[in-house]
Every structure is written in structure tokens, then in C-alpha cells.
Amino acid sequence: MTSRDAKIESVRNSSNQDEVIYIAKNDIDWQVRRVAVEKINDENVLKDIVNDELTSAVAIKAMEHIDDIEFLSDICLNHPDAYVRLASINRISDESLLLKKDLTSLLDKILFNDYNDIVLKSVCENPYLDNQESLTKAVFTIENEDIKRLLIRKITDEDMLADFALNSENKFLRLEAIQNPNLTDLDTISEIIIRDSDEFNRAMAIYKIPDEESLLEIIFRKPIHHRLPQIAQNTNFLFDDYFLEILNDGTDEYACQVAASFIGDVEMLEKLVLSKSSDRIRADAIRNRHFTNQKILNDLIDSETSPEILFEAISKIENRDVLKDYILNHLECDDITAKAISRVDGTDFLRDLSTHPDSGIRLEAVKRISKFNDVDGILRDIALTEDNEEICLKAVSAMKIRNGLIEVAKSRPEKNIRISALRHVADKRLIYNYFKSDIAHSGEFTPAEFALNEMALEDNDDDVKIIATGKVMDKELLDDIAAGEDVNRFEAQKRLNSLFEDIKQIEHKQILSRLIQSPDKDISSVAQATLDDLDLWEDRLSKVNEIDDINTLKDIARNDFNYFVRMEAEGKLEKMLFHIRLDEIGLESNQEELKAIASDEEFGLEIRRNALSKITDHAFVVKFENIL
């Protein structure tokens, strides 16, 4: 038995209140203090411990044995430890220690006074936080987006929800308002479908249409015509007899457009597409998700003269050869040809189009080429030879290979193209030069890298010089530029600083040892200092792992000068606090929470076993026999 176990056993067997109180207040081991707290009968002593104890687990344990509701309410509002405040809030709520109106009032006060997001999240999820005036006010005063969404979720005022759904600049807050079940007004839903810029938000509004009658009311509002395809795509209401009657009557053109968008009768759709109905009605029939007849679409390409019909047909044709034939027979750039090019395959075919005399055709071809992988060679050739700046910029923006982009930046005379090419050169850390078998003080440079160095050193355009310097991989060149008076000296120094910052972040001793051998004194010096620091904080990390006192860990996590040591202390602190909270979960607690912990392989075996030991569902426990 360890000394801690012996002390805990002694406390548990003690009947001397003075002795137990002394241990609860003074023992250096928080786990011993926590056990002692459970033995104390004097509520005033427990209050002192809650107020004075720095270890949250001990303060929480003391709080659980206090029934003074005024004291507990004060703890919820004013205790400096967020864990204690959170535990107090949960206790008051779970044990119904306050009347509903008083608990709601307390939660309101916490909502507007607490600064901790975890506490605020818990308060927002509390079912007793339902004062609509407070919820509405808090949405406008709290900055955390996740908490704003929780608040919107609880708002019942439909006018307020409509305001958020229609006017918030944040699409996620609009979505939360849209999904709130209290937003049911069809006018608002219709307005969201018409106006919201986010396709998913519009779809969520469409899903809120409750029945066929409401759907009909919305879709027959003429301003919504441009959204009919999306509404039809996201609703499963089918009432073909009604739409058939409209189409057979044929007197109301807009009603026929609506019917053509929603009807599921394939035979009627095909009939509409081939009919002498208006172009709008026929186009809506083609857009209809139930219309899939490829033969009719292919035939339309040869016989149809309506641009609207042709565009919709091109949008749904699956045969890429048919699309290619259409393009070759319509080599004047319009919306229909552009749509066909955007759907065709074959880089050879598209490369031929990229040299066509019509600049519009060339631009659409480059847009389509840029959607494919492994086409940098084609894009490079276009970027080097294309006279049209817009097309050239489009090709450059889709390029990925460093050498090709540098070549374009070096070869093209136009400033916009040169700058665009340099900006698209992927940022490459200077330290990569030193991850080779032999340490060198400069990289192995291709002709493109030499061209980049020339731009950084002597280009006539200052903007080009600065951007090129930010991509240079030659440290000696950067040293020279930084030591000079040229406009790019600050960019060179910034690039050099990034090298030293990267070295300081290396945790691999072998790499640091190799960098120490570099003939570059600056690199060698920084690497040596980093290695020394690594040895130091590794030793300190090992000492952090030996600490079991929460107060000490808290002090290290908040104040240590070394980031890694602070993170190690914080990580251990979180694990210890999690164990404490898990230890406090009893058989009467939420079994689903325990099951979630037991099932999650991210937790250690000890934690999962601890959770399993408290689960009362035998069939569930049997599934985890292998870890018991």
C-alpha cells in the first residue's frame, strides 16, 4: 500500500472531526484532502473549503455537501474556478434546489456575467434558461458563434427568428434560425428560399414546407420561379393528377411552368419537351429531375433553335461525343457552347480549343482544363503564349508546379501576369534545404530557381522583386539582400527569420545535431541553442509527469516560460480532472454518457474500464470483455 493509500484509509476510518478538518485544509495531497472533505459534517467549514481551496476537485466535493442555496447561488456567480461554477450550476439544476422562476433568474445572471465559454455553453443548454427577453439580448451581446447558435435554438419569438433568418450576415446563424421549429411562417420561408445566398440554407427552408397545400401556396408565387428547380429537387410531395389537370388545360403559362417543374409523370414530361408549348415550359420540363430521356436530348441538339431549350439539353446530355460534335459545329462563344465546353472530357480536345481564334472559346477551354489533374504542362504552354491577359491569368491560377510558374513570371512582360505567377508559387520553407544527407548552406537550384533568384536580385519592378524574394530558397542570397538597401531587404530578413523560427521548432535531436555541423554559423548557433533547450525542457517534462498536485500543475500550466512544459502540465491536469469527474459518476448517473466513454477508443483502458464498472447494462458490458 502506498503512503497515499494509507493516508486515505486512515481518513476514512477516522471519527475525529478536528483531525479530518485539519487534513482537508492542509494536506499536500489533493486526493487525500478530497476524501477528508467527505467526512466533514460542519457546513461552515465546507463553505470555507469551497472558497479557499485551489484544487477544483476538492472544492467541488465540498460544494456537493452544502445545502445553503444562497451560498450555492453565489458560487455559481462569483467563484473564480470555472469548474466549480459549472459543477454548482449543474447541481442546482439537477437536484431542483430552486423554484423554476428563481433558477431561470439565476441562469440569466450567469449568462450576462460569466466569461467562460464552457460555463456559458452549459447554461445555454440548460432547459430552465428560457426567458425570451434575456435570450434575445444575449444573442446580440455574446461574441462566441457556437453560443449564439445555442441561444437562437431556444428563441420562440417568430419575428425575431425571421429577422435572423433573413438578415444575419452569418450563414450559420441564419441556418440556426431557419431550423428552429418555431419558425413556421410561409411568407418567411418563401422569402428565405428566394433570397438566401447559401444553397444549403435554401434547402433547409424547403424542407420546412409542411404539406402539399403549403407547397402549392409557395410555388405559385411568381417571384420564386428561379428557385423552382431547387424546390422540386428537395421535396417529395407528389400530386401528379393536380399538375396533369393544369397542363391539359394549358391556359395559365406560369401554372404550366410550375407543373412542368414538379410533375413526376415521365410520359407527360417527354410529351411537353416535344410539344409546341412555350420555351419556358419546355425548359422547365427538361430541368425536371424525372426527365432523363437521352435520345430526346440528343435529337434536340440537331433540331432545336431555342437557346433556352438548347442550354437545358446541353446541361443534361451524358454522351460526351455528342457534346464535342455540338461544340465543333458551334464555335462561336455563347452560353450554350460555354456550357457544353464545361461538361466535355478529353484534354487533347480541350487543348485544341485553347488555340481557337475566338478568345471566348479559348477562355472556356482553359476553365475546363483547369478542372483536371496533371495538366500543368498544358497550362504552362497557354500561360507562356496566350495574348489575352484574362485567359493567361486563368491558366496561371490553375498551375501548381513551381518551375512552370517561375518560368511564366520570368518570361511574360505583363506585370499582372508576373505577379500572379509568383504568388501562385507554393510557399516552401527555407529549412527544407537542410533536410538532406549533407548539410549545405544553399539549395540545389534548377534553372527556374536561378531565374527566381535573378528576379529577387535585379528585377526592374519593385513589386516583383519583393514577391520573388519571399519565394527564394538560397540563404546566401537572402543574407546579401537583407544586408543591402534595396526595397526587398525587409522581405529577405523576414524569410531568414522564418528559417530560424523553423529551426527553433525542431524536436528531433539527430536533425539538430546535423544542423550544428553546418558551415553557416547562424544556422549552427540557432541549432545548438535549440538542442540545449530541448534537453532542458525534456528533463522538465519528465518532472512534470511526476507531479500529482493540481495546484502545482495549474501554476506550471499558467506561468512556465516554456510552451511545451505549459502544454504538458495542462494535458496532465485535464486527464486528472477527467479522472476525478469520472470517479464522481455513480450508478444512478447518465448511463449513456458512461457507454460513450467505454466505447471511445481515444480514451485509455483505465478510463474505459472505470466507466464499464459503473454500467448496469450487462449485455453492453459483455461486448467489451476483451478490455476488462
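This is a predicted model: local features need pLDDT of at least 70, side-chain atom pairs count only at pLDDT 80 or more; totals for chains, interfaces and linings use all residues.

1. Which residues of helix 34 and helix 35 meet? On the helix 34 side they are Lys-475, Leu-478, Asp-479, Ile-481 and Ala-482, and on the helix 35 side Arg-489, Ala-492, Gln-493, Arg-495, Leu-496, Leu-499 and Phe-500. Sorted by class, the residues of this contact comprise 7 nonpolar, 1 polar and 4 charged.

2. Next, have a look at helix 20 (residues 266-274) and helix 21 (residues 279-287). They pack at an angle of about 140°, with axes 8 Å apart. That makes helix 20 oblique to helix 21, and the crossing of the two is left-handed. Helix 20 contributes Leu-269, Leu-272 and Val-273 to the contact, while helix 21 contributes Ile-281, Arg-282, Ala-285 and Ile-286. The contact of helix 20 with helix 21 has 6 nonpolar residues, no polar ones and 1 charged.

3. Helix 24 (residues 320-329) and helix 25 (residues 335-343) deserve a paragraph too. Their axes come within 9 Å and cross at roughly 140°, and this crossing is left-handed. From helix 24, the contact involves Arg-320, Leu-323, Tyr-326 and Ile-327; from helix 25, it involves Ile-336, Thr-337, Ala-340, Ile-341 and Arg-343.

4. Now to the aromatic residues. How many aromatic pairs does the structure hold? There are 5 aromatic pairs in the structure. In one of them, the ring centres of Phe-243 and Phe-262 are 6.2 Å apart and the planes are at 25°, so the pair is stacked; the cut-off for stacking is planes under 30 degrees apart. The pair links distant parts of the chain, with Phe-243 in helix 18 (residues 240-249) and Phe-262 in helix 19 (residues 253-262), 19 residues apart. Both Phe-243 and Phe-262 are buried. Phe-239, Tyr-242, Phe-243 and Phe-262 form one aromatic cluster.

5. Is Val-464 buried or exposed? Val-464, which lies in helix 33 (residues 462-469), has a relative accessible area of 1% and is therefore buried. Leaving aside residues up to four places away in sequence, Val-464 touches Arg-418, Ile-419, Leu-422, Met-455 and Asp-459. The C-alpha atoms of Val-464 and Ala-409 are separated by 8.8 Å, although these residues are 55 residues apart along the chain.

6. Finally, two backbone details to check in the loops. Ser-96 is not a glycine, yet has a positive phi of about 50°; Ser-96 is found in the loop between helix 7 (82-94) and helix 8 (100-113). Asp-374, also not a glycine, has a positive phi of about 55°. The loop that holds Asp-374 runs between helix 27 (359-369) and helix 28 (376-385). With 82% relative accessibility, Asp-374 counts as exposed.

Key:
Residues are numbered from 1 along each chain as its sequence is written. Side-chain values use heavy atoms; hydrogens and water are left out. Contact means heavy atoms within 4.5 Å. Helices (H or I, at least four residues) and strands (E, at least two) are DSSP runs, numbered from the N terminus. Ala, Val, Leu, Ile, Met, Phe, Trp, Tyr, Cys and Pro count as nonpolar, Asp, Glu, Lys and Arg as charged, and the others, Gly among them, as polar. Buried means under 20% relative accessible area, exposed over 50%, partly exposed in between (1.4 Å probe, protein chains only). Rings of Phe, Tyr and Trp (its six-membered ring) pair if their centres lie within 6.5 Å; planes under 30 degrees apart count as stacked, over 60 as edge-to-face and the rest as tilted. Axes are lines fitted to C-alpha atoms, for helices over the stretch in contact, and angles run from 0 to 180 degrees between N-to-C directions. A crossing is left-handed if the near helix is turned anticlockwise from the far one by less than a right angle, and right-handed if clockwise. Angles under 35 degrees count as roughly parallel, over 145 as roughly antiparallel, 65 to 115 as roughly perpendicular and the rest as oblique.
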